[in-house]
Amino acid sequence: MVSQHHSVHSRPDTLPTKSESVYLAEALAIASQLIQDALPTPRGLCWETDDLVGDTDNHRVFRRRCGPDLYGGAAGIAWFLGHIAAHDPSGTFATAASDGLRFAIAEVSNNLESDDPSLLSGSTGVAVAAMTVADRLGLNELQHSAASLAQRSAEKIQALTKTQNDLIAGTAGGIIGLLALHRACGDQFLLEACRKACDGLLATGIKQWWGRSWPERDNVPALCGLGHGMSGIGWALAETAWATGERRFFSGALEAFRYERSWFSPEQCGWPDLRDPSERSVGDGTWPGWMTAWCHGALGIGAVRLRFYEATRDTTALAEASAAIQAGRLLAMRAGADLRNNQLSDASLCHGLGGVAELFLLAHEVFNSNDHLRAARRVGDFSLEICRRNDRRWTLGVRGGERVPGLFLGLAGIGVTLLRLHDTSSIGSPILPGRSASAATSDRD
C-alpha cells in the first residue's frame, strides 16, 4: 500500500492506548481542519478534493470541487460535522454543517432531473444527511428541505433502470435511504416507493439454483460485496420486508445472500472481487481478485450479515459475519507487517483500516461485546500510529491525494470512526448508512 497525505496533524506526541478522550481529540482536530478548508459560496459551504484520472497503472491526481453527495461530497462532510457539533460549544461546527447541507440540497435540487437519486452518489443520501443533522441540531427549515427532497428522490428512484441496482449509485441504496427517511418522518409515500422499487428488483433478478443475482451486464457474473454487489441489494430487500411485512422481499434477500455464499472461499477467508473478467485474466489465473474492503469483499458483506443477524438471529448470517470479522483481523495484521517495512496503510472507510474498525464497532453494537470494542480501539490506535509515523498526516483513500475531505475516502470518514471509538452512540455507523438504531425482532421474517 502507498501513503496518501493531508495536512491534518495528530495531536498527541505518543501513541494513545488507554484514554478514550484521545479519539475525541483527534476527531475534533479533523473537524477543525475541515472548517479551515471549507469554501464559502452563495449556496453555502463546499470543499475541494483530490481525485484521480486515468487507469490504475497510468493516472494523475487533480483537484476539483466536491459534489453534494454523501460518499465524497458536502453531505457526508456535513453529516460528520453535525454530529461532532455536540462537542463544540462555540457553535462553529453546527453552523458549518448547516451551511454544507444547504449547499448540497441546492446543488441536487437544481439538477434533480439529470442527477441520480441514489444513496451515496445522489439526492437521497443528501436528504438522509440533512434530515439526520436537522433532527440532531433542531433545524426546522433544514428538516423541511430534506423532506421535500426525499419526496422528489422517491419519485425518481422508482424510475431507475434495471442496470442501476447497487448500493452506491442504484436502486438498492435509494431504498435504504428512503427507509431511513420514512423512519424519521413517517411519510408513507416513501415506504410505498420502496415497495415498488423492490418489486422492480425482483422482476429483473436472474434466478439460478444457487441463488438470485443482478449482474451489471450480460455474460458476466454478478458482483459480491456491499458497495456494488449482492449484499447491498439483499440488504435493501430485507429492510423493506421488515418495514412492510412483505414475505416476497425477504425471500429475495435470502436468494441474494445465497448467491453470494456460493462464492465464499474458506482458503481466502472471504469473497472474490468478480470485476472485469476477461479471457486473458481468467486464463492466467489473475481473475478473480481478492479484496477485503467495504466496497468489495468481507468488510461490507460482514456488516450486512451483522445487521441480518441483529434482525433475525439467523445462524448462517452469524457464521458469515464471523468469517468477515476474521478477514478484518487478517487485514489489520497485514497492515502491521507493512508498517514494520515502513509502508503506510490506508486509513479510510471504503478500502482501508477505517472499515475494519467499523466492522468491529458494529459487532460490539450487535453482540454487546466489549471484546469487539477493544479490537476496534486497537485498530484505531494502530491508525493513529500510522498517522504519527506519516509526519502526523492521515493516510487517505486516493493514491497520492493530499486533500480528501469526504466520508468514504477521506477525513470526514476517519473523523466519524474516531468519534464512534470515543462513543458509539454519538453517530450511526457509516458503513451501513441509514441503519436503524433499534434492532429488528425475529418475527419480522
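User: Leaving aside neighbours within four places in sequence, which residues is Gly234 in contact with?

Analyst: Ala253, Ala256 and Phe257. Contact means heavy atoms within 4.5 Å. This is a predicted model, where local features need pLDDT of at least 70 and side-chain atom pairs count only at pLDDT 80 or more, while totals for chains, interfaces and linings use all residues. Residues are numbered from 1 along each chain as its sequence is written, and side-chain values use heavy atoms, leaving out hydrogens and water.

User: Where is Gly234 placed, and why is it called buried?

Analyst: Gly234 is in helix H8, residues 230-244. Helices are DSSP runs (H or I, at least four residues), as are strands (E, at least two), numbered from the N terminus. The relative accessible area of Gly234 is 0%. Buried means under 20%, exposed over 50%, and partly exposed in between (1.4 Å probe, protein chains only). Gly234 is therefore buried.

User: What makes Thr171 count as buried or exposed?

Analyst: Its relative accessible area is 5%, so Thr171 is buried. Thr171 is found in helix H6, residues 171-185. Not counting residues up to four places away in sequence, Thr171 touches Leu160, Gln164, Asn165, Asp166, Ala197 and Leu201.

User: How do the axes of H4 and H5 cross, and why is H4 called roughly antiparallel to H5?

Analyst: The axes of H4 (residues 123-137) and H5 (residues 140-157) come within 8 Å and cross at roughly 155 degrees. That angle makes H4 roughly antiparallel to H5. The cut-offs: under 35 degrees is roughly parallel, over 145 roughly antiparallel, 65 to 115 roughly perpendicular, and the rest oblique. Axes are lines fitted to C-alpha atoms, for helices over the stretch in contact, and angles run from 0 to 180 degrees between N-to-C directions. H4 passes H5 in a left-handed crossing. Left-handed means the near helix is turned anticlockwise from the far one by less than a right angle; clockwise is right-handed.

User: What is the class make-up of the contact of H4 with H5?

Analyst: Residues meeting there include Val126, Ala130 and Asp135 in H4, and Leu142, Ala146 and Ser153 in H5. By class, the contact has twelve nonpolar, four polar and one charged residues. Ala, Val, Leu, Ile, Met, Phe, Trp, Tyr, Cys and Pro count as nonpolar; Asp, Glu, Lys and Arg as charged; the others, Gly among them, as polar.

User: How many aromatic pairs are there in the whole structure, and what makes Tyr71 and Phe408 stacked?

Analyst: The search finds eight aromatic pairs. Tyr71 and Phe408 are 5.0 Å centre to centre, with 5 degrees between the planes. Rings of Phe, Tyr and Trp (its six-membered ring) pair if their centres lie within 6.5 Å; planes under 30 degrees apart are stacked, over 60 edge-to-face, the rest tilted. Tyr71 and Phe408 are thus a stacked pair. Tyr71 lies in the loop between E4 and H2 and Phe408 in the loop between H14 and H15, so the pair ties together parts 337 residues apart in sequence.

User: Why is the pair of Tyr309 and Phe367 called tilted?

Analyst: The planes are 50 degrees apart, at 5.7 Å centre to centre, and the pair is tilted. It links Tyr309 in H11 (residues 298-312) with Phe367 in H13 (residues 353-367), 58 residues apart.
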